Amino acid sequence: MVNRLAALNLPVTNKHITMSGTAACGRLWRQARRLAHERMLVFGPALQTGHAVVFNASADRSRLATSSLHCYSSSANGNNSSSVSSSSCCAQPSISAAAASAVSALREECGSQKTITSTSSQEGSSSSPSSTASSSAAAAAGNREPQRHTSATKGYGSHPPPRRGSVPLWTDAPLPPQPRLPLQRRIFCNRALNMKQIKAIGYDMDYTLAQYRPDTFEGLAHKETVNKLIEVFRYPEQLRQLDFQWDFMTKGLIIDKERGNILKVDRHNYVKVAYHGFQELPADVRKSVYNGHHTCGSAGAGVFDEGASGYAMVDTLFSLAEAYLYMQLVEMKEQGRHESMSRKSFKDLYRDLRTAVDMCHRDGSLKRAVAAHPQHFIHRDELLLHVLETHRASGRAVFLATNSLFDFTNVVMNYLLLGKTGSQKSTEWLRYFDVVMVGCAKPSFFQHRAPLFNVDVTTGMLKNTDNGAPIIPIDEQDMSDVSNASTSSPRRGSSSVSSSSSLASSSSPSPGLPPGGNVFQGGSYVDLHQMLGVTEGSQVLYVGDHIYGDIVKSKKDIGWRTMLVVPELELELEKSGRSAKMQEELRQLRQLRDEYDDRIQRLRWSTQGRGGTVTADEEAYRDALQLLEAAEADRAQLKARHSALLRHHHRQFHPIWGQLMKTGHQNSRFAHQIERYACLYTSHVTNLAFVSPEKSFMGRMDMMAHEGA
C-alpha cells in the first residue's frame, strides 16, 4: 500500500503506519505526491471556519498559518468554536482511510487554534459557491431600501485641511525635528519635477484652494436640484422626501446614462462594480452587459471616454450630489409609482438632472447661501497664506485660474485669505496673485481661444481688451482714465513677472500691485502665458482637483506640469496603514491560489493520461483521482476565502465602492489617470507648506512584473 502520510508530507512515525518497501509507484503517483509535498496545501474544512492551513517544505515540520477576518473586525455573534472535528469532512469527497487519517492527524495538531466564523460570510459571502450565487440572486431580485452608512466612512472625502502646528512648516527650522513627514502630509510624485524649472504656479479655486464641506455644500446642491426638478420639470412632489447621503458616492465613478447604472472601472476599462439604482448588479449580468465582446474596444474591454455621449464621469466632488440623486431617480422610476417618471428613459432622467444642476449654478441659489454664511460651507485653511507668500518670495509668479465668475470668487477668496464676509469684503486678496483668471471654462481654456475681458472689480462690469491690453476709447475725454488703467494691466507681449519681480523680494503683499488691474475673464492659456512671461507649458505648475478639466487636458494639450488634490487620500492613507496585515494575507492567498492551480493542472494532466503511460498501480491511480477531487474542492473554498477577504478589505475604505485607488487587485481607472497625467498628487494643497519651493521631486522607480518577482 502506498504511504499516504508520506504523500501528504506529514511526519511519519510507527504510531501511524510503517513504510513499505513495495511502495514503488510510477510517475503518475509521484506527481500526485508532489501536489501535497512540494510547497503548500490548504484543507477545505479549515477554510470554512476562516483559517488557511499552509505547509512549507523548508520547515522541519508542517506549520499552521492561521488568519481570520476576526482579526480586523468583530464577529457579529462573537461565538468561538473549537477546531474542526473529523465530521467536518462531510462536505469533501471521500478519500482513502490512510489519507483521511493523515488529515485527522493534521487537525489534531491544529486543535489548540480557535476558529471564528468570518463576518464576511454573514454579509452574504458564504464559502459555498452555490450559496453565494443564490444570495446574489436574492439580493438582485429584492427591492430593499439602501442601507444608511453615513457613519461608516467617517468623513470620506471631507477631511479638513491640516492645522498650523500639526506638522512643522518647511520654514520653521533649518533641521527638521522628524526625518520624514507623515503620509497624510506628503506630496507623492509620479513624474520627476524640479521646481527650479517652474516659473509660474497656478491654482484652481473650488475644491483646491477652497475645500468645501460636502455634507453641507453638496446637501444644499441636492436640495436645490430637487426643487428645480419639481418646479421646472414637473417631477412628483415626493422627491422632496428624498434624503441625501453625501458619503454614499465617491469620485472616479461612471454614470451609464443609457442603462441607468453607476459603474466602477479598473485601469483596463473592465467594469468591476455596477449598481442600478441602489441594487448591485449580479456578476454574470455585469459581465455580459459591459465586458462582453459586443461592448469591447481595441483594448479588449469597454472604453469609457469623456466625450462618449452615453456616459458621464464623476470626476469631482461637485458631482457627488448629482450622481446620488440620479441613483434615487432611477430607483423611483423602477418602482413604477409615478407615471410621469415611468415614461422617461434613463437618459431623459439624466438630461433633466444635468439641466437642473446647471440652473442651480446660474440662478445664484447656491452662491447666495455660501456668500451669506461661508463658514458653514467652506473649511478655513490656516496655512494657505503661508503657501502663497512662500511661492511669491521664491521669485515665481502666482496665478489663479477658476471656472467661477468674479462675484463668487471674491466671496470665497475673501473668506479664505482675509477671513472677511458680507460688507467687510475687499479686494486686498488680489495682492497675493500676479494674475487672476475667472470664467475660464476649463477644459476649453486649454483648447480654444475665447474673448478676453478685463474685470472691473468694483462694479463687476467687463471691459474689452486687446489680448490683455485695454482698448483706448475714441472719446478724448476718456483718454486720461484709460491712461491710468493701462498702467495697472499687463499689455500684450509684456510680462506681469516684470511688474511683479519686485514683489517677489518680499513674502508680504506688495502695495505696488494695484488691486483689480490683474483680473480677467475668458481668454485662453495663450493669453495667460503672455501675462506670465512663460515660453512653454513645462514652466508652469498647475494645482487642481478635477482629474479631467484641470489635469488631463492641461497635461495632454499644452504640457503644463500638474498636481492633483485628492482630499479622499487623507482617509485612504489612514485606513491603508491599519490594514497592512490584511493586505499581506491577501498577497499570500493570491500567490497560494496561483501555485495551487498549477499543481492541480499538473495532476489533472497526468490522470488523463496525456503525460505518458498510466501507472499499473490501480490503487495509486484511484488515490490520485481522490486527491485531485479533494484538492479541487479545497481550491474552490480557498477562492471563496480570498474573495471574501478582498471584499472585506475594500469595505473598510468605503462600504459600497471600496478603495478609491483600487478595484479588486487592480488600480482603478481613476488611479490610472492620476498615474498617467498628474506629475504630483496630495491630499491637500497646503501640504506644499511642508516642502521647499525649490524641491526636486523624484518619481519612484518603475518596475515591471518580472522585476518584482
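Rings of Phe, Tyr and Trp (its six-membered ring) count as a pair if their centres lie within 6.5 Å; planes under 30 degrees apart are stacked, over 60 edge-to-face, and the rest tilted. Select Phe-399, Phe-445, Phe-446, Tyr-542 and Trp-560 to start: together they form one aromatic cluster.

The model is predicted, so local features need pLDDT of at least 70 and side-chain atom pairs count only at pLDDT 80 or more, while totals for chains, interfaces and linings use all residues. Residues are numbered from 1 along each chain as its sequence is written, and side-chain values use heavy atoms, with hydrogens and water left out.

Over the whole structure, a search finds 19 aromatic pairs. Select Phe-244 and Tyr-324 next. Their rings are edge-to-face, 5.6 Å centre to centre, with 70° between the planes. Phe-244 is in the loop between helix 8 (214-231) and strand 5 (253-256), and Tyr-324 is in helix 10 (residues 320-335), so the pair ties together parts 80 residues apart in sequence. Helices (H or I, at least four residues) and strands (E, at least two) are DSSP runs, numbered from the N terminus. Both Phe-244 and Tyr-324 are buried, a term for under 20% relative accessible area; exposed is over 50% and partly exposed in between (1.4 Å probe, protein chains only).

Move to Phe-406 and Trp-429. This pair is stacked, at 6.3 Å centre to centre and 25° between the planes. Phe-406 belongs to helix 15 (residues 406-418) and Trp-429 to the loop between helix 15 and strand 12 (435-438), so the pair ties together parts 23 residues apart in sequence. The relative accessible area is 7% for Phe-406, which is buried, and 0% for Trp-429, also buried.

**Helix 8 against helix 10**

At the meeting place, helix 8 brings Glu-218, Ala-221, His-222, Thr-225, Val-226 and Leu-229, while helix 10 brings Leu-320, Ala-321, Tyr-324, Leu-325, Gln-328 and Leu-329.

**Lysines over rings**

Select Lys-333 with Phe-346: the lysine lies over the face of the ring, 5.4 Å from the ring centre. A charge sits over a ring if NZ of Lys or CZ of Arg is within 6 Å of the ring centre and within 35 degrees of the ring normal. At Lys-695, the charged end sits over the ring of Phe-697, 5.7 Å from its centre.

**Thr-663**

Go to strand 19 (residues 662-663), where Thr-663 is placed. Which residues is Thr-663 in contact with, leaving aside its neighbours within four places in sequence? They are Lys-264, Val-265, Asp-266, Lys-272, His-650 and Ser-668, where contact means heavy atoms within 4.5 Å. Thr-663 is buried, at a relative accessible area of 3%.

**Backbone stops**

Select Lys-442 and Pro-443, which are joined by a cis peptide bond with omega about 5°. Pro-443 lies in the loop between strand 12 and strand 13 (452-455).

Tyr-207 is in the loop between strand 3 (200-203) and strand 4 (211-212). Its phi is near 65°, a positive value in a residue other than glycine. Tyr-207 counts as buried at 1% relative accessibility.

End at Asn-269, in the loop between strand 6 (261-265) and strand 7 (271-276). The phi of Asn-269 is near 70°, a positive value, and Asn-269 counts as buried at 16% relative accessibility.
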